[in-house]
Amino acid sequence: MKKYKALNIYLVLVFIILYAPIFYLIYYSFNSGGTMHGYGHFTLKWYKEVVQDTRLITIVLNTLVIALLSSAISTMLGVVGALAIRTVRRAPVKNTLLTLNNVLIVSPDVIIGASFLILYTIIGIKLGFTSVLLSHIAFSVPIVVLMVLPKLQEMSPTLIDAARDLGARRWDVLSKVILPFIKPGIFAGFFMALTYSLDDFAVTFFVTGNGFSTLSVEIYSLARQGISLTINALSALLFLFTVILVVGYYFIVQYYRKPRRQGAGE
Amino acid sequence: MQTRYKNIYLIPYVLWIVLFVIAPILLIIYYSFFNIEGHLTFDNYIQFFTPVYLKMAASSFWYAFLIMAISLIIAYPTALLLTRTKHKQLWLLLIILPTWINLLLKAYAFLGIFGTYGPANTFLQFIGIGTKQLLFTDFSFLFVSVYIFIPFMILPIFNALEELNPSLIDASRDLGGSPWTTFRRVIFPLTLDGVKSGCQAVFIPALSLFMITRLIAGNRVITLGTAIEEHFLVTQDWGMGATIAVFLIIAMAIIMILTGKRRRG
Amino acid sequence: MKALVRAFILVFIIAFAFMFLSSRLNATQDFAGGGKTLTIYNWGDYIDPQLIKKFEQQTGIQVIYQTFDSNEAMMTKIEQGGTTFDVAVPSDYTISKMKEEHLLIPLDHSQLPNLKYISPRFMNLSFDKGNKYSVPYFWGTVGIVYNADMLGGKKITSWNDLWDKDLKNQILLVDGAREVMGLSLNSLGYSLNDTNEAHLQQAKAKLNQLTPNVKAIVGDEIKMLLANEEAAVGVVWSGDAAEIMSENNKLNYVIPKEGSNLWFDNMVIPKTAKNVKGAHAFINFMLDPKNAAQNAEYVGYSTPNEKALKLLPKDVSTDKRFYPDKATTDKLEVYDNLGKRMLAHYNELFLEFKMHHK
C-alpha cells in the first residue's frame, strides 16, 4: 500500500484542477464588488438575494426535476437499449444501431434543438415541461447506452446460458444475473445523463415555452447584461448541497453495510 | 430461443431511435438540399468541398483527436489510482460532481483563472517563469476542453478496471512479470473496452465543440461545431448548417464502424 | 437489484417532491382574480423587475417573463410557434426580417398615448417607417473602449487608429460579422451597409492586416475581459461600454469619427400574441417617462424617451458619449436588412478573417 502514497499526489492534483474553477466561483460569490474581478470586501448579500428570488428558486427546482426524471427514465431506456444491441447477433445490424445511437451525441445542440422543435410542433406537443423532459430523455439515452454496453459485453455469455439451462426465466436472468453485474455501468450512465441534463442550454432553449425555464437557459440569456454574482451564490449553494448529499448518502450506505462487510478488507 | 429474447428489448429502444434519431436525421438531410433562399439545390454540398470548410474539418478532427488523447493519458492513471483508494465509489462521484455546475459559469471562471492577473499567472510568476499569455492560446483551449470531457473518459475506464479479476494480476506477478509488463500485457488489454467507450464518449462530442472555441480560444480555433452554430443562429442558413451536420454524422458512423470491428467472444 | 430499485424509487420521490414544491411556489405568486397573463420575451436582465411587479399590480395581469440570448434564436422560436409571446424586444435589423416573414402584428397607436414622449429623432426610422410595428426601447452606438493608461496616454479617435502598429495583440473584437466588417468598411470611407463586392473584398483584405493586433474575437465576455484589463482596446456596443466603464474608470469610450452603427432594441407584438390588448398596455406602461427612467437607471442603456431623459441624473443625461447629439447620430447608420444572401456573404468573409492566422 505504501508505494501508492507518492502516486496519490497525482490524484490530489487532478482533484485540485477539477475543483479549481468551482472554488474560484465560490470565492467571488462573497465579493461585494459585483463582478468576478476586483475584490471589494466580504459580503453575504448575493446569498440573501438568492433566497428572496422566488422566480430563481422555481427555476432551480424545475431544473432539478427535469434532471432527475430525465436521467432516471433515460437510464432505464438506455439499459434496455444496451440489452437490445447486445442481443443482436448480426454485425451490420449491431453497427447500424450503434451508429444511430450516437447521432445525438455528435449532432450539435442547436441542430438537435431545432429539429426537436419542428418535431414537436408537427406532433402537436405543447412546449413547456413535457417537451423539455422528452428532449432531455432523448439526448441522454445514447450516453447511458455507451456506459452500459461495455459492461454487458464483458459478461460471459456462458453465464447467462448456464442460468437459462438451470431453468431460470427471462426475468430472473435479468434481475438476478444481468442487472447486478452491470450495476456500475447503470450508475455511471445515470450520473452522465444527469450531467448532460444539467448542462444543456441549446436544446432546452428551443423546446421550452409558456414560462418554463431551466437554470442553464436563464444563465445564458443573462450573458448580455453580465452574469450577476447571485448566480455564483446560487451555484455555491447547489454545490454545497450536492456535496453534502453525496457524501452523506455514501456514508449512510457504508454504515449499514459495515457489519456484513467486515473482514472482507477493502 | 434467441429470437424470443431479442424482440422485447428492441421495441422501446427502436421506438426511441425512430422518433428522436431517424426523424431528426431525415429533417437534417431534407434541409441540407435547400439553399439560403429556399431553392432545391446541391450547392451546399459543393460549398462544403471548398478549402474553407475542408480546412475547418481538418482542424476539428485534429483538435478532437488531441483532446481525446490527452484525456486518455490523464484519465487512465487517475482511474487506476481511484480503484486503489479506500472510498473509491465516493471519489468517483466527486470526479463527476464538478460537471453539474453550469458550463458557462465554469468557462467564465477559467477566463479569470487564466487571465493576465489571474491565479495561474501569479503561480507562474511565483515559480519564476513570469507572466505568459494563457488565454486565447491552444494551451488554454485544450486544457479547458480536456477539463470538460475528462469525466466521460474516467468513468468507463474505472468501471472496466473494477471488473478486472485481481487474481489475474497476482498471477502475472507470481510469474515474474514486472509491474509494467503486467500493465501492458494484462491490465490494459483487458480494459480496452472501457478505453474504447471512453474515447468514443470524448472524441465524438469534441468534434462538434463550440462556445469554448469562442470563450477560451477567442475564435482562434474554428471547428465544424462553431460553423454550424453560426449558420443556424446568425446567418440562418439552415441548409449549410444541416450539410455540415450530415458530414459530422457520416464521420461519426465511420468512426463507430472502424472501432466496433473487433469482436470479442 | 434491490439497491438499484431503491435508488431509482428515491430519485422519483425526490423529483416529485421538488415538483410539488415548485408548484406551491408558483401558486403563492398567482393572482386571485382575472387569470389573465402576458408573456414577455426579452433579453436576460433587460428590465427592472420592480417594474414588472408594478405593472402586475396596476393591471391585475400576471406577467410571464421569458428570456433569449440572440435575435436569431428568438426569431426561430416565434416562427415555429408553439408558445405565446405577447411582447418581444428584437433589434432593428431583426424587425425588418420579421416584417418580411409576417411575424409582427401592427401596433394600434391609439392605445399608446405615451408614444409622444419618444424623441422624434428616434421615430420613423428606416427599419420601420411610421413605427407601424415597433417602439424603441433602448438605443446606442458601436464604438471603441480603450484604456489610456495601458496605451501610455495615447488617445483613440478613429477606426483607423486600430491598425496602429503599437496596438499589437491589444484589441478585442466583438463576435459579430456586421460589426467587424462594418468597422473595416467605415475605415475605408464606405457605408457599413455596402454591398459592392469590390468594396467588401477590400474591407476583408484590410481586416486581414489587422490580425496581428487582434488578441481575440469574443462574445459578451468582452466586458469582463476589458474591465479586467486583459486588453487595452475593445470594439463594443455602447451599452456594454457604459457597464465596463462603471467598473473600471480608467476606460474611455469613443464613437469613431469615420462613422459607425446606430442600433435600437424595440418592443413589438409578435403574431403569436394572445393578449394583444395587454401587450399594448404593457408597451404604453414602459413608455411612461417615470417607468422608462427607472428602467434606464436599472439597465444602464440609453433611453429614447425624451421626458424620461430629463428625469435622469444630469451627469448621465449630458454624457455625450452615451447620449450623442443629433449632429453626431446623423452621421451614424442603422443596419439595413441586406437580405439573407448578402448577410451570409458578410459572415463568410468574417469567417475567413477569423481563420486567417498571423
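Trainee: Which residues of β9(C) are buried on one side, and which on the other?

Mentor: In a regular strand the side chains alternate between the two faces of the sheet. Here C:Leu262, C:Phe264, C:Asn266 and C:Val268 are buried on one side. On the other, C:Trp263, C:Asp265 and C:Met267 are buried. Buried means 20 or more other C-beta atoms within 10 Å of the residue's own, with C-beta atoms placed from the backbone. The model is predicted: local features need pLDDT of at least 70, side-chain atom pairs count only at pLDDT 80 or more, and totals for chains, interfaces and linings use all residues. Residues are numbered from 1 along each chain as its sequence is written, and chains are lettered from A in the order in which they are written.

Trainee: Which strand pairs with β9(C), and in what sense?

Mentor: Strands pair if DSSP finds at least two bridges between them. Strands themselves are DSSP runs of E, at least two residues; helices are H or I, at least four. Strand β4 (residues 134–147) of chain C pairs with β9(C) in the antiparallel sense, over seven bridges. C:Gly140 stands opposite C:Trp263.

Trainee: How many helices and strands does chain A have?

Mentor: Chain A has 11 helices and zero strands. Buried residues make up 50% of its 266 residues.

Trainee: How many residues do chains A and B bring to their contact?

Mentor: Residues are in contact if their C-beta atoms, placed from the backbone, lie within 7 Å. Chain A gives 76 residues and chain B gives 72. On the side of chain A, α1(A) supplies the largest share, 13 residues.

Notes:
Buried ≥ 20, exposed ≤ 12 C-beta atoms within 10 Å, placed from the backbone. Contact = placed C-beta atoms within 7 Å.
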